Amino acid sequence: MSTAEVRLDFGSDEFLADPWPIYKELRRSDPVHWSEAFRAFLVTRFEDVVELLTDRQVVSGFPMRSSRRLFGPTLLDADGPRHRELRKLFTPLFVGGSVKRLRSEILVPAVDQVLDSIEAEMGSAPDVDIEFMERVAVGVPYAMVTRLFGVPPEDAAWLRPRVLPLAGAIEFPATALDPALAAKAELIAYLKEKLARRREGDRMPFLDLAFPPGEPLDESLLGTATLFLLAGTETSVATIGKIMYAVLAHNVELSALADPAYRDQVVRETLRWEPPSHTILRYASRDLTLHGVDVPRRSTLLLSLGSASRDERTFEDPDVWRPGRPDQRLLAFSSGPHTCLGIQLALAEFDTLFERLSQRFGGVRLSGSLDGVRPGFWRLRERGHIFRRPDHLHVRLLRRPADAVASGSRADA
Ligand code: HEM
């Protein structure tokens, strides 16, 4: 593929099915690629992406960006002191000690809620067939986020159809803004109602932090709360689906994931191999020159976490999924001041899920072929690549052999 042949259309079948050769050619021949369609520069090499993410002259705030129009001002599009102030407000919930507590308080119950229902369906049968995406990849993050917010877990079914339009509106290409604004208004009304009914002793980790009990409601943070509903769910849906896809595609036995070190390597390598968010937005607040390309002040930059994570200058055999590779530099959660706030919680979520899956089931087998997954592999609902994930994954979960159960209960004791 030559430069002339690189047609960057994030919505095309070709790109959705297999963006990797396109990225590769761009990294080689046109690392700062002007996209007429997006009127933006796409940056594809690892070192360039990292440098721009940490360059204070490259900013996140821009009034016309779709996340700003959708959520209003949030930490996602703030810079400098205002951004630091917002990060400071939310950080206490997302660091070491808190995440440790959240693991036992919300992650384990969320995972068990989903796995209990699967085990109940299996009954005394030797195995059970499930559609993994809907049942587990969607089920766990929504069971987690409802507990993080302190709302009833059964509300997940109502929440998701309202979170998905938010995801669509910040996709490339984006879906319509109006349905997303309507969904956000419904979510805000829902949150206000839950806050109005809050009673002393209710456990609402996120809402209590953003809207401390007994203080007047800070309406300016309601948009941010809806951003957290999206940030805490659809990226994890995508990641859980991709971890299972990688495990199946590489014939990894579920029992191997009982080893914490290997499990961690599998999670991190999948996040490198297939980061859920391929592209993030920045703006040049001064004139830049990158690889001889003039990037004028106020230009839009599309920083490709997807391409950077497969840069052959940084990773050996970047297209190969290789847990435990020596060159582990994780960019899936971005870098610099806007590095994902939920990293530790997200990693704890994947760890808890795959640990408990490996403890509670004897194995996982694909029902059918992964090739069947390919054609619609990376679509959210329509077209887009920000929340890339398998459309569906039909799998069979096997009952644990009795002897393994016995040794598992000894280990637990
Ligand atoms: C696999 C799971 C996740 C991935 C891959 C992911 C990815 C990202 C990325 C790439 C950004 C940076 C956006 C930018 O630089 O413009 C980000 C920011 C953010 N993430 Fe995550 N995220 C995940 C899970 C979570 C979770 C579980 C939460 C919270 C419950 C969360 C909350 C946030 C917030 C609040 C920001 C904005 C931070 C800021 O702008 O300062 N994320 N995430």
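## A helix across the sheet

Helix α7 (residues 132–149) lies across β4 and β10. Its direction is at about 80° to β4. Here, lying across involves contact, meaning heavy atoms within 4.5 Å. Axes are lines fitted to C-alpha atoms, for helices over the stretch in contact, and angles run from 0 to 180 degrees between N-to-C directions. Helices (H or I, at least four residues) and strands (E, at least two) are DSSP runs, numbered from the N terminus.

This is a predicted model: local features need pLDDT of at least 70, side-chain atom pairs count only at pLDDT 80 or more, and totals for chains, interfaces and linings use all residues. Residues are numbered from 1 along each chain as its sequence is written, and side-chain values use heavy atoms, leaving out hydrogens and water.

## The open sheet

Three strands make up an open sheet, ordered β4-β10-β9, with antiparallel pairing. Strands pair if DSSP finds at least two bridges between them. At the edges are β4 (127–131) and β9 (363–366), each pairing on one side only. From one strand to the next, the twist averages 30°.

Strand β10 covers residues 394–398. Four bridges join β10 to β9, and the two run antiparallel. Opposite leucine 397 in β10 stands valine 364.

## Threonine 314 in its loop

Threonine 314 sits in the loop between α14 (305–308) and α15 (343–360). Is threonine 314 buried or exposed? Threonine 314 is buried, because its relative accessible area is 15%. Buried means under 20%, exposed over 50%, and partly exposed in between (1.4 Å probe, protein chains only).

Not counting residues up to four places away in sequence, threonine 314 touches Phe46, Glu47, Asp327 and Arg329. Aspartate 327 is 13 residues from threonine 314 in sequence and 7.3 Å away in space, C-alpha to C-alpha.
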